Amino acid sequence: MTYSDELLNIDKRHIWHPYSAMGSDLPVYPVVSADGVRLKLADGRELIDGMSSWWCAIHGYNHPEMNQALNEQLNRMSHVMFGGLTHPPAVELARQLVDITPEPLQTVFFSDSGSVAVEVAMKMAIQYWHAKGQAKRQRFLTVRCGYHGDTLGAMSVCDPVTGMHSLFSDVLTKQFFVEAPTCHFGGPCQTDDIESFKQALLENKNEIAAVVMEPIVQATGGMNFYSAEYLQRVRQLCDEHNVLLILDEIATGFARTGKLFACEHADVAPDIMCIGKALTGGYLTLAVTLTTKIISDAISQGQPGVFMHGPTFMANPLACTAALTSIRLLLASPWQDNIKRIEQGLLKGLSNCCDDKNVQDVRVLGAIGVVQMKQNVDMKTISEKFIESGVWLRPFGKLVYLMPPYIINNDDLTCLTQAVTNVIRC
Ligand SMILES: *Cc1c(COP(=O)(O)O)cnc(C)c1O
């Protein structure tokens, strides 16, 4: 038996993969190393990564400066508890994040994953209203087709259909949902487009702690790019009716859409913002919930006088170092021009898909390319074909999408888009 077969046998018998069934015949592929934009499989094949490991690995893999910074931190201290202690990586990262995020966001809460950052955001909103003597405000308003994570609170604001709310009906809080934005990115938002949102807000505002949304790009829930004016209207309505706005930038943050944060397309600032995924350049798991001084002061001065959350691995020094280094690399690079280059490459490379009979829509924003098929793709065959073409892509449902590492060169980008064009044609 080859090494690869041995790994796969044990994997198949004992390990759950994301959203998977044990005993499933969907393949998994053993990766033994990764460098730049290439993943190396146990059988020696190399694949060009079109996924950035789910939005994360923006500088590619095995990056020399990232490795060096992490090695140095490892030799100083890999972890220390955050209760009653602090350390340079956390402090420097917090200062950096306060600097680069919208101005009103001034306080930083560290956690381990995106889902938890969303839980923390929701708890902040609830505790804020509690402190303000409006303890009834414990529910959230959101749009359909959103995705905010897999823990119960985060799930409650995910799309009710794709998030399978029916399975968990007795434990999930019933939130308020309106239709997903139908006005597209680059276009206007008409009065009608925002009407159902406005109605839901007006009718339920005394119960609503906050609106929760992904800014501009609804990622996992359908790769929907919506109008910046819609987000502006949401911000205005939240202000008019005194409701907080939580923006989930976990997928969109760190330049993926062409702005450092997607809310900048609309020039709006949230009251609470979640970041994760690309935060550490894909090296380690870390997420952050940022909020305003108004909210953190209210929570701190209200009852019980503390914010009720504190993960064991809060502000892990290695993860903070990875984030700090990743942000420095990004800011030191000509990232605006680079994302434009990738956007152009995706537009050009995917343009041939547009007139394919199986294709519903092709859209590109920043370093995100989406080919929406008319039918669901067959995961097993399409994955095998991509691997045979030397690329790593992982479609879901009707969506074949690309979000390559920012360091990808034009030739490798062309390989990715050509693989997509060829594979969906047959
Ligand atoms: C991935 C994602 C999450 C969840 O992050 P995890 O790290 O997987 O828990 C939340 N919100 C958005 C927008 C995401 O894309």
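**The ligand and the salt bridges**

In this predicted model, a polar side-chain atom of Lys 277 lies 2.6 Å from an oxygen atom of the ligand. Taken alone, the ligand exposes 380 Å², of which the protein buries 83%. Ser 115 also takes part, with a side-chain N or O atom 2.6 Å from a ligand oxygen atom. Gly 114 contributes through its backbone, where an N or O atom lies 2.9 Å from an oxygen atom of the ligand. The residues around the ligand also include Tyr 147, His 148, Glu 214 and Asp 248. By class, this shell has 3 nonpolar, 5 polar and 3 charged residues.

Attention now turns to the salt bridges. Side chains of opposite charge can pair when their charged atoms come close. The structure holds 10 salt bridges. One of them joins the side chains of Arg 38 and Asp 412, at 2.9 Å from N to O. Because Arg 38 lies in strand 2 (residues 38-41) and Asp 412 in helix 13 (residues 410-425), this pair ties together parts that are 374 residues apart in sequence. Arg 38 is partly exposed, at 30% relative accessibility, whereas Asp 412 is buried, with a relative accessible area of 9%. Arg 38 and Asp 412 are also linked with Glu 46 in a network of salt bridges.

Another salt bridge, between the side chains of Glu 384 and Lys 380, spans 3.6 Å from N to O. These two residues are 4 residues apart in helix 12 (residues 379-388), so about one helical turn separates them. Glu 384 counts as partly exposed at 30% relative accessibility, and Lys 380 is likewise partly exposed at 30%.

How values were computed
Residues numbered from 1 in each chain as written. Predicted model: local features only at pLDDT ≥ 70, side-chain atom pairs only at ≥ 80, totals over all residues. Heavy atoms only, no water. Near = heavy atom within 4 Å. Polar contact = N/O pair within 3.5 Å; in protein donor to acceptor, adjacent residues only side chain to side chain. Areas by Shrake-Rupley, 256 points an atom, 1.4 Å probe, with all protein chains shown as cover. Nonpolar A, V, L, I, M, F, W, Y, C, P; charged D, E, K, R; others polar. Salt bridge = Lys/Arg side-chain N within 4 Å of Asp/Glu carboxyl O. Buried < 20%, exposed > 50% of the residue type's maximum accessible area, 1.4 Å probe, protein only.
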